[in-house]
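Hi,

Here is the structure I promised to send over.

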Amino acid sequence: MSAAALVLARHPHPSVPALATALGHAFLAADQWTARELIASAARTLGARHRWVGPLVAEVLAAYHRPPIDAPRELASMIEAAEAFRAAVARAEQRRAPIRIAHYAVEPGTARPMPAGVPRINGHGALAELLGLSPGELDWFADTALWNRRGTSERLQHYRYEWRQREGRVPRLLEVPQRRLKGVQRSVLASILGPIPAHDAAHGFVPGRSAVSGAALHTGNDVLIALDLSTFFARVPARRIFGTLRQAGLPEAVAHTVSGLCTHAVPPRVIAAMPRGGTAEDRFALRRALATPHLPQGAPTSPALANLAIHRLDARLSGWADAAGATYTRYADDLAFSGGPPLARRADAFVRGVTRIVEAEGHSLNRLKTRVRASSVRQVVTGIVVNDRTNLPRAEFDRLKAVLHNCVMHGPHSQNRAGHSDFRAHLLGRISWVEALNPGRGPRLREELERIRW
């Protein structure tokens, strides 16, 4: 370890966690991952050789056959729990002679191999540079110490909140990031999250896939099973995001900070203002989820991170579907399964199996929205009819046709009840959606649109 990698300690008598962290950095800064080099590096950090360091190093080498260069916090936790270290700390406390730190070792970590397109980010400073922030700004926005949740000034909050009541269901909380944080999250989405692949079953918020691509896989089947995940985003905790980012190759410190940027714990005053709705059990579960760091519904990074965080759920449900000869897709919190006569005969047992898998992965199903539909009735996936081919529900098509006709007869202002600033573009978008589902229906609607006097 070079002399430049040593920094004089300002606090010679650190806390136990700080001592474990300093030793972890010393081990990672060693020239070679051998007992001799680790003991020598620890001696430079402690300012002296201690007998207990040898047994500690033996425990570390037994746990890590190669240096965990991108996991210093994990290594520090292991050291703090090691028997040799705990015994040394206990003896030092008994003698009232705390273990002294003379120098801190400073050595940059190295990231694991990253997915194609994801930049290599070797540390906190590199992440701040990538996002165009100073290190202090990055710490402020990441808020890993949850200062925002405990703060009393709304002007300093990173999020604004809006409760939405739902008929017969637990209310939903929109957590919308403030302008600057939203810009940082969009940078994280574009630079880091975008290139990480989602499971093939995920069709929501994935480039090249859509509600149409997911629904198209369920056309012409004997039975369709549609289920809905309850409080989807709130049930994805920060620890799951951290693990997901580590598996994707981000170094430990970077994954920790990115998790802070993209998760949020709701202040108690907001949770206390929850409106009526839902069962007592569901309301308690929502309060508990919102009070801990989770994916906020309203952040631009939440849909992509949710897709990545429930990759294992998608994999397990895909395997369950394959075993039953069924097809599985997911669009955000909407789960869809379809298949032939064998699935139709065992639909109830199949749903029970899905429920067990979902609950084992930390989520729950909204039983009020579970639907099992045979081919003899209308089958709908994410609002798209899939009995024979993808199509718009007849009632929605008729409403759009009536709006266009009334625009021709009475003028577009008579139908723009929502006050769209560009009502023509709004109607064009609705017609394009019809064409995406059933191209044959588009020409007649466009002809009607051209008859409107704008």
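This is a predicted model: local features need pLDDT of at least 70, side-chain atom pairs count only at pLDDT 80 or more; totals for chains, interfaces and linings use all residues.

Is N438 buried or exposed? N438 counts as buried because its relative accessible area is 13%, which is under the 20% cut-off. If you skip the neighbours within four places in sequence, N438 is in contact with R389, T390 and N391.

Next, find strand β5. Six of its six residues are buried. V223, I225 and L227 point one way from the strand, while L224, A226 and D228 point the other way. β5 also has partners to look at:

- β7 runs antiparallel to β5, and six bridges join the two. A226 has A336 of β7 as its bridge partner.
- β8 is antiparallel to β5 as well, with four bridges between them.

Now for helix α18, which covers residues 347-360. It has 14 residues and reaches 20 Å from its first C-alpha to its last, close to the 20 Å expected. Its buried residues are A347, F350, V351, G353, V354, T355, I357 and V358. What do the buried residues of α18 pack against? The list is β5, α16 (311-323), β7, α17 (341-345) and β8, so you'll meet the strands from above again. Just after the helix, G362 takes a positive phi of about 90°.

Finally, zoom out. The domain assignment gives domain 1 (11-95), domain 2 (124-198 + 232-301) and domain 3 (394-451). Between the C-alpha centres of domain 1 and domain 3 there are 69 Å.

Cheers

Note on methods:
Residues are numbered from 1 along each chain as its sequence is written. Side-chain values use heavy atoms; hydrogens and water are left out. The expected span of a helix is 1.5 Å times one less than its number of residues. Buried means under 20% relative accessible area, exposed over 50%, partly exposed in between (1.4 Å probe, protein chains only). Contact means heavy atoms within 4.5 Å. Domain bounds come from an automatic or database domain assignment. Two strands pair if DSSP finds at least two bridges between them.
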